[in-house]
Amino acid sequence: MLPDSNADWQHIARERPYFGVLSEAAYAAQELSDAQLAQFLDSGQRYVNMVLDQCTRFFGAHWQTGSALDFGCGVGRLSLPLARRFGQVTGLDVAPAMLSEARRLAQLANLHNVHWLLADDPLSEIASKQFDFMLSFIVFQHIPEARGQRLLQQLLTHLAPGGMAVFHFKYAQVTPRHPWSTFLSHHVPGGRWLVNALRGKPLQEPHMQMNAYNLNRLVQSFQEAGIQEIHTRLEDHGGHWGVEMYVRRGA
């Protein structure tokens, strides 16, 4: 069978939750030092500040700040800064271990306006909710494209009139380090076991998926959902080319 991205994420969340959120060597340990944790959280605050500044630049200074959703919230690196700006924040993730650590960090930060919910494909935990703002950064790339497209369409049904959203997608890989192993791991049944065996790792060791999305299909999903305005910022994460898509639903 092909690897299950949810099962992989559960494993990563238990073993290396911070590295799963931000894949840098400084965050590879299961627990971080106080200095590492402060650096990790500061990176989230700086990113959220930048995103909200860009929203003001693209959409104007007068926009709603009532409720926000962080899709694929992990340990709350972005949810906690959002909670300092919005009245209510929902952090949604597939891994209970991530949500448990996010709750702990929210308590340490004395932030009590965040709800941490377990994600499923129908997004049943937010079935009746609408959000003024949505954010998802370096998340969809870990989800196979067909499934991610369906999740995006579901999310857009929860964007309130006049609401804004910022979604990040990988769309190309221009400097693949090991294209053969990526293909085996993601597309060939049993391929991950073979790659792990060749590398001397446990057979069940998960590989962090880095899936590219078709930009035409993304734009089509936005237009089908009634989005009429899109702004983009391009990014290069070590040869993984990505795009941040800033969208607003009409009032």
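Q: Which residue of E3 stands opposite Asp93?

A: Asp93 stands opposite Leu118 in E3. You are looking at a predicted model, in which local features need pLDDT of at least 70 and side-chain atom pairs count only at pLDDT 80 or more, while totals for chains, interfaces and linings use all residues. Residues are numbered from 1 along each chain as its sequence is written, and side-chain values use heavy atoms, with hydrogens and water left out.

Q: What do labels that begin with E or H stand for, and how many bridges join E2 to E3?

A: Helices (H or I, at least four residues) and strands (E, at least two) are DSSP runs, numbered from the N terminus. Two strands pair if DSSP finds at least two bridges between them. Here 5 bridges join E2 to E3, and these two strands run parallel. Between them the chain passes through H5, and this β-α-β crossover is right-handed; that term applies if, with the strands pointing away from the viewer, the path from the first strand over the helix to the second runs clockwise.

Q: In which sense do E4 and E5 pair, parallel or antiparallel?

A: Strand E4 (residues 131-136) pairs with strand E5 (residues 159-173) in the parallel sense, over 5 bridges. To find the pairing in the model, look for Phe131, whose bridge partner in E5 is Leu159. The chain goes from E4 to E5 by way of helix H6 (residues 145-156), again in a right-handed β-α-β crossover. Another place to look is Met134, which stands opposite Ala165 of E5. E4 also pairs with E1, through 3 bridges and in the parallel sense, with Phe133 as the bridge partner of Ala68.

Q: How do E5 and E7 run, parallel or antiparallel?

A: E5 and strand E7 (residues 240-249) run antiparallel and are joined by 9 bridges. Within this pairing, Lys170 stands opposite Gly242 of E7.

Q: How many residues of E4 are buried?

A: A residue is called buried under 20% relative accessible area, exposed over 50%, and partly exposed in between (1.4 Å probe, protein chains only). By this reading E4 is mostly covered, with 6 of its 6 residues buried. For a contrast, take Gln10, which belongs to helix H1 and counts as partly exposed because its relative accessibility is 22%. The C-alpha atoms of Gln10 and Ala95 lie 5.2 Å apart, although the two residues are 85 residues apart in sequence.

Q: Which residues touch the most other members of the largest nonpolar core?

A: In soluble globular proteins, nonpolar side chains tend to be buried together. A nonpolar core is a set of buried Ala, Val, Leu, Ile, Met, Phe, Trp, Tyr and Cys residues joined through side-chain atoms within 4.5 Å. The largest one here has 42 residues, and those touching the most other members are Tyr18, Phe40, Val51, Cys55, Trp116, Phe133 and Leu135. Elements that give two or more residues to this core include H1, H2, E3, E4 and E5, but H3 gives the most, with 9 residues.

Q: How much space lies in the largest cavity?

A: Rolling a probe the size of a water molecule over the atoms shows where empty space is left. On a 1 Å grid over the protein atoms alone, a cavity is a set of points where a 1.4 Å probe fits but cannot get out, and its lining residues have an atom within 4 Å of a point. Grid points are joined across faces, edges and corners, and a volume is the space filled by probe spheres set on the points. The structure holds 2 cavities of 30 Å³ or more, and the largest has about 360 Å³ of space. Its lining has 25 residues, of which Trp9, Gly72, Cys73, Asp93 and Val139 lie nearest the centre. H1 supplies the largest share of this lining, 3 residues.

Conventions. 1 Å grid on protein atoms, 1.4 Å probe; cavity = no way out; pocket = protein on both sides within 12 Å on 5 of 7 lines; lining within 4 Å.
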